[in-house]
Amino acid sequence: MHTQYVVGVTAVLEIEGLRKTYRSRRKGARRALDGFDMVVEAGQVHGFLGPNGSGKTTTLRTLLGLIRPNGGRMAILGEEVPARLSSVAGRVGAIVESPQFFPHFSAQDTLSLLADAGEVPQARVAEVLELVGLRDRAKERVKTYSLGMKQRLAVASALLKNPQLLILDEPANGLDPGGIREMRDLMRQLSASGMTVVLSSHILGEVQQICDSVTIISLGRRVASGPVAEVLAQHSGGGVVVRLESAGDLSSAAQVLVAAGARVDLKPDHLLVTGVDKPAWVTRTLAGRELYVSELAPVTVDLESVFLELTGTAPVAGQHRQVDQSVEVPA
Amino acid sequence: MKGLIKAEVRRLVKRRITRLMAVLLVLGLGAIAVAFTVGSQKVGPAQVAAAEAEAQRQYEESLRWHEQMVADCEAAKARGEDITQRFPPDCGNEPGYAPQREQFDASWNLPYEFHFREQFGVFISIFAGIVALFGFIVGASYVGAEWHTGGMMNLLLWRPRRLSVLFTKLGVLLGGVLAVTVVLGALWTAAFWFIGRYDGQTGKMTQGAWESFALSGARGAGLVLAVTAVAFGLASLGRHTAMALGVAVGVGVVSEIGMRIALGIAEIRFADRWVLSTYALAWFEKRWELQDWRACNISFSGQCEPDMFVVTWQQSALVFGVGTAAVLAAAIWLMRSRDIT
Ligand SMILES: Nc1ncnc2c1ncn2[C@@H]1O[C@H](COP(=O)(O)OP(=O)(O)O)[C@@H](O)[C@H]1O
Ligand SMILES: [Mg+2]
């Protein structure tokens, strides 16, 4: 690796108040981004989550200069874009939406032409083909590739520059389970080598497994962001499940905690306590009144439920949710 | 920048349609040259003598037919039949009714002989027309397919300066088509010069004659480049090869057929003034005369001369130049401002 990576917590990608309204003569105006903010720090694998049509692809296209925003500011690797995009383009590898290539050229030719256009040594072509597992099929025409193979080729084209920032829009699309795992390993490996990876997805298990931090977008606005653990903790409400040695004491314990300033939900066999900083505070407060805690556990949530809650896209029995039908949640 | 140029040259040459069209172009031009090699024959004393003999033979045969007819007519008259229906008056015995020797011109029987100096000018126009078609198809599909398949978007992720990408592509395309025009044009000239030299006549090729051909060739090359650039601009505007083809067919139909009919019905004078092909002809011929036969100007000799409208090659240059510039300007403007989704 010849590139020097920036160490420490510097923002590799910053977006502030980004706005984009698509206008078309027939369908009128459609507001895709409505004051969107996002920050990605160096060396992270950052998940960019949102339901279909929430504005992920629009954000990435705007960032990469394919679309003109109606307002807001953006910076990549410390350079304002789109003004200084051409000076950072060589350090940003990206795939946007379902990747498309000229169908009559082989993967080898496609990458070789991009390498020439971007003034990258031709030797890099074989390296990236190896990396994404297309080595043995590289001489076949792209037309004959499966969706997953095209996706791999797209990742290869993004890696060709050996970028500092890698942006992948729904990279797991069309990949088989083995492919998804390989992609995940590849991203870990790239991130370990110092690359910052931004990964848009609506597949949450994926993101939770490999991302250090996430930004969640809904209806063109950021609804949550930060390290995965933090986002989970915030949206579990810091809730704690409290069980006592004797169930008969539950209601008096509830009164004690409410008096001490916590919010309490009285359940038949436990208390659900929210609004406390540290679970240990519950134990201490109750012990002071000679009420003894037998079990104290933070409420576990996964990213999926947070996502569904924040974007208001949880399925409701008997209803067919339409795209764009998300609930507005204050950030 | 060098890398981008290299990549675009490689892409252009690698495309199947470029290769296929180049092969068809060479085959087509080759076929025309071969047809004229075979069809043209040098005319020497032997050919002249053969043509004279053939003319004589035709004269004699025609005379025999005539005499036979006169004999038949006389016989019928002797039998008292009505001869006015089947035979000319006086059984064709009138003076001057019999075939005359000078009515049979030996030159009609001469084989076709290609004359380089006098005829090659037309072949320059034919060449330019065929190469322009090649430029149109290659130019439109080169950028049209690139947009349509998402290749352009990929490239812009590497090279965000949109106009420099567009200009590089256009430059590479025009350079490539110009190279093809020059190389094939040289071969085309050589081929016809050889046809003139060995199967016809070259005529007296003075420096002036060569210069005149060179100028015609340059005008032809100019037209080829303009057509190529327009195809490129249209396909880029519509982000699809079909856009250029559609507009070409549309303009062709509207200009060549629609305008002619409409202006004809409206009895507009010099209707062809509004038809594009008139300007193409004027471009090649240096001037093109449109005539209005309904007007009668009495000339010195007392004859009726039609009104005339002259289209010059300068006017053609203006029409084609403005058209090309407009298409390219629109393509550039849209390239700068459009959302690429
Ligand atoms: N070219 C376009 N013209 C009009 N509307 C568009 C266009 N592209 C996207 N949109 C709209 O913008 C919104 C966001 O789309 P997108 O960014 O593609 O969402 P995501 O990638 O999160 O699924 C959607 O409502 C979509 O319909
Ligand atoms: Mg998308």
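In this predicted model, the side chains of A:Arg73 and A:Glu80 meet in a salt bridge, with N and O 2.9 Å apart. A:Arg73 has a relative accessibility of 28%, so A:Arg73 counts as partly exposed. A:Glu80 is also partly exposed, because its relative accessible area is 34%.

A second salt bridge in chain A joins A:Glu79 to A:Arg84. The closest N and O atoms of this pair are 2.5 Å apart. A:Glu79 reaches 19% relative accessibility and therefore counts as buried, since buried means under 20%. A:Arg84 is partly exposed, with a relative accessible area of 42%.

Chain B supplies a further pair. The side chains of B:Arg269 and B:Asp307 form a salt bridge, at 2.9 Å from N to O. This pair links distant parts of the chain, 38 residues apart. B:Arg269 lies in the loop between helix H8 (241-265) and helix H9 (276-285) of chain B. B:Asp307 belongs to strand E4 (residues 304-312) of chain B. The relative accessible area of B:Arg269 is 42%, so this residue is partly exposed. For B:Asp307 the value is 18%, which means that B:Asp307 is buried.

Salt bridges also occur as a network. In chain B, such a network links B:Glu8, B:Arg11, B:Glu146 and B:Lys169. Over all chains, the structure holds 32 salt bridges.

Helix packing was examined next. Two packed helices are described by the angle between their axes and the distance between the axes. In chain B, helix H2 (residues 16-39) packs with helix H4 (residues 116-148). The angle is about 165°, and the axes are 10 Å apart. Angles over 145 degrees count as roughly antiparallel, so H2(B) and H4(B) are roughly antiparallel to each other. The crossing of H2(B) past H4(B) is right-handed.

Side by side, the two helices meet through a set of named residues. H2(B) contributes B:Ile17, B:Thr18, B:Met21, B:Ala22, B:Leu25, B:Leu29, B:Ile32 and B:Phe36. The residues that they meet in H4(B) include B:Phe123, B:Ile126, B:Phe127, B:Ile130 and B:Val131. Also among them are B:Phe134, B:Ile137, B:Val138 and B:Ser141. By class, this contact of H2(B) with H4(B) has 15 nonpolar and 2 polar residues. No charged residues take part in the contact.

Conventions. Residues are numbered from 1 along each chain as its sequence is written. Chains are lettered from A and ligands numbered from 1 in the order in which they are written. This is a predicted model: local features need pLDDT of at least 70, side-chain atom pairs count only at pLDDT 80 or more; totals for chains, interfaces and linings use all residues. Side-chain values use heavy atoms; hydrogens and water are left out. Axes are lines fitted to C-alpha atoms, for helices over the stretch in contact, and angles run from 0 to 180 degrees between N-to-C directions. Helices (H or I, at least four residues) and strands (E, at least two) are DSSP runs, numbered from the N terminus. Angles under 35 degrees count as roughly parallel, over 145 as roughly antiparallel, 65 to 115 as roughly perpendicular and the rest as oblique. A crossing is left-handed if the near helix is turned anticlockwise from the far one by less than a right angle, and right-handed if clockwise. Contact means heavy atoms within 4.5 Å. Ala, Val, Leu, Ile, Met, Phe, Trp, Tyr, Cys and Pro count as nonpolar, Asp, Glu, Lys and Arg as charged, and the others, Gly among them, as polar. A salt bridge is a side-chain nitrogen of Lys or Arg within 4 Å of a carboxyl oxygen of Asp or Glu. Buried means under 20% relative accessible area, exposed over 50%, partly exposed in between (1.4 Å probe, protein chains only).
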